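Please look over the structure below.

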Amino acid sequence: MAEREYLKREFYCGKINEKFIGKRITVYGWIQVKRELGSITFIDLRDREGILQVVFNDKFQDKELLKQMGREYILSVTGKVIRRSSPNPELFSGNIELVAEEAKILSESELPPFFPENRTKVSEELRFKYRYLDLRNQKLQKNFKIRSEINLKARNYLAANGFIDIETPVLTKATPEGARDYLVPSRIYKTKMFALPQSPQIFKQLLMISGFDRYYQITKCFRDEDLRADRQPEFTQIDIEMSFAEPEELLTIINGLIKDIFPMEKYPGNGTFKILSYQESMNRYGTDAPDLRIPYHIQDFSHTASILKSKLLNEIMDNNNTIKGLAVPESQSYSRNTLDTINQFIKDLGGHGVIWMKNSEQGFKSSLKIDGHDMEKFFAANTIDKNHIIFLIGGAAESIHFLLGKLREYLGKEYQDKNRLEFCWITDFPLFFYNQEEKRLDSNHHPFTSPRTEDLEKLDSDPLQVRSIAYDLVLNGVEIAGGSQRIKDVHLQKKIFKLLNLSDKEITEKFGFFLNALKFGAPPHLGIALGFDRIIMLLTGEESIREVIAFPKTTSSLCLLTGSPSSVSEKQLLELGLKSLDQGFKRSKK
C-alpha cells in the first residue's frame, strides 16, 4: 500500500511573491492551464487566492506523471521559488514562479462542461447546474471573500454599539401575505403548517418587550414570489431592532455601519446622507428609490404651459391634470431617430408618448405644432438654457411621475458610474396604499409600522393621507434598507389590522399572541433590515445578487444543481397527512 501523503497547507498560490524567492515550499491547487513547450511544461495552478505558475523542466523526473495531468486535476507541488524571466503584471505572483521538484495528483477530473475562467461564455443555466465549477472562478471567489469580510465587519460594528446577536425561529406562523409564504407541513399535527419567515419582524419586537433593547441578527428570510435580478426566494438580511430611541439615532447608527462597510472615499459628500421625504422624492425624481448620480430632476410646467398656446396641453390642464417634464442639456445630441426611440420607450411603459422641444440652427422645434417664439418665451419663463431639450408629459401626477422617473433613468445612463456612491434616506412614506386587485387598503411597509402622531385623526377620515414613521436607505437607485418605528399600543395595532380588512377571527388567529404581548409593557421601539445580498452586489459591482449567493435559484425559483423543488413519495405525503394532486393538475392543464 502506498504511503499516504501528509497534507498541511502553509501557502496559497495567489499569495506567493518575491519575498519567497529561494525558498522551498509546497502548494496545492487545481490545474487551470497546462502549456507544453518542448522539454518544459508550464502549469497555472489555481486556489482561492489566485494563480501561481509552476515550471516542470527537464530535471523533473516523473515524465509519466506529467503526461497524466489534465485540466482541473488537483495537485500538490513542492519546489523552489525563483524570479520569473517574463513577468505577468496581472498576477500578484506574476514576478515569480515555482520550479517543481516533486508533484502528486491528489484528484483527477473529467473534462468539465466549461472551464471556470470562461464562465461568461456559457449560459446561466449551465453554470448553475455545475455551480461548484462556476464557483472556482477567481472573480466569484473574490465576491465571497468580500461577503465574509463584510459579515464580520457588520457584526463587530453592531456589537461595539451594544447590539446582541439573538437567533429567532425558522419554523413559525404564516403571515397576512400568506400567498408569499413557504409552508412546511407538520408530521405530528397533520393538516397544520409551519411557515418559513419572510422576516423575523414579530420576534424581534417580542425581544424588545422582553427587555433586550438592542438586537441584531444576520438571518435568512424566505419569500415565495416572482424573482428579479435583485431578488431570490431565500435571501439574507441584517436585522436590527432597538428600544428607547428616536429614528434619528437609528439612522445615525446605520450611517456609521454603512461607512464602515463601503469605501467612503468614493462618496462625494461630507459624511452626511441626504434625507428626502417620500413626496419630495416622487415629485423630484418620480420614484421612492432615486439614483442621485443622475443630475436631472422633474419640473412642474403646469403654470407656464399656457405660454405655448397648445390645444393638447390646454386640454390636459382643463381636466385638472398636470404637465411635468425634464430639461436635459446638449439638445443637439438628440437626433430625430433618438427622439422617436424615446417616444416609443414611454409608450412601452403605458404612456401616450412624450412631447419634446429644443432649439436648433433653424430655430425652436417641437413634436407639437407650437410657434417658435412661444417656445422661446417658455424656455425663458422657466429659466432653461436654450441648448437644453425639454421633455413633457401630461396627466395625473401619479402616472406621470412614474413615466418621468423611468425616462430620467433612461436618459441618465451615462452618469451611472459604479465607482460613485450616492446615498439618501427616504422618509414619511404613506402608511397605506390602495390595493386595486383586492379592493382594499394595504400596508406600504408592514402592518406594525407606526403612523405619525399628527396624522392619527386621519385614520378614520382619510387613511390614504396618513404618513408613517418609516425610512428607506437608497444607494444609486437601489433600496438597500428599510425600517420604521413600531406600534406599541395594542388598541392602535388592532385598529390598523381592522383597516387592513382583517376580521376579528383572523386577527386573533394570526396575531393573538402578539397583541397579548403588547399588553405587558411594550417599550417604544423601532428597527430596520438591510438587504445583505444587495449590499454585496453593489460592493462587488455585480448586476445580480445571484453572483454573490453561493448556490442561488434561477429566475423561475429552481435550483438546477440539486433539481429542487422535487416530487416526494406518496409515503412521505401520507405521513404528513397530505395527498398528491398531480393527476388533478395534469387534467386541469389539458
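Which residue in E10 does Tyr 215 stand opposite? Glu 241 is the residue in E10 that faces Tyr 215. The model is predicted, and every value here is computed from it.

Strand E9 covers residues 214–222. Eight of its nine residues are buried, so E9 is largely enclosed by the rest of the structure. E9 pairs with strand E10, residues 234–243, through nine bridges. E9 and E10 run antiparallel. E9 also pairs with strand E6, residues 164–165. Two bridges join E6 to E9, and these strands run parallel. In that pairing, Asp 165 has Tyr 216 of E9 as its bridge partner.

## Gly 527

Gly 527 sits in strand E22, which spans residues 525–531. Is Gly 527 buried or exposed? Its relative accessibility is 0%. Buried means under 20%, so Gly 527 counts as buried.

Leaving out residues up to four places away in sequence, Gly 527 touches Ile 240, Glu 241, Leu 250, Tyr 471, Gly 483, Ser 484 and Arg 486. One of these contacts, Glu 241, is the E10 residue opposite Tyr 215. Phe 551 is 24 residues from Gly 527 in sequence. In space, their C-alpha atoms are 29 Å apart.

Strand E18 takes in residues 432–435, and strand E19 takes in residues 440–443. The two run antiparallel and are joined by four bridges. Tyr 434 has Leu 441 in E19 as its bridge partner.

Four residues lie between the strands of this hairpin.

## The cavity

Rolling a probe the size of a water molecule over the atoms shows where empty space is left. How many cavities of 30 Å³ or more are there? The count comes to one. The largest cavity has a volume of about 40 Å³.

Its lining is made up of Thr 168, Pro 169, Val 170, Pro 197, Ser 199, Pro 200, Thr 219 and Lys 220. By type, the lining residues of the largest cavity divide into four nonpolar, three polar and one charged. Strand E9, residues 214–222, supplies Thr 219 and Lys 220 to this lining.

Notes: Residues numbered from 1 in each chain as written. Predicted model: local features only at pLDDT ≥ 70, side-chain atom pairs only at ≥ 80, totals over all residues. Heavy atoms only, no water. 1 Å grid on protein atoms, 1.4 Å probe; cavity = no way out; pocket = protein on both sides within 12 Å on 5 of 7 lines; lining within 4 Å. Points joined across faces, edges and corners; volume = space filled by probe spheres on them. Nonpolar A, V, L, I, M, F, W, Y, C, P; charged D, E, K, R; others polar. Pairing = 2+ DSSP bridges. Buried < 20%, exposed > 50% of the residue type's maximum accessible area, 1.4 Å probe, protein only. Contact = heavy atoms within 4.5 Å.
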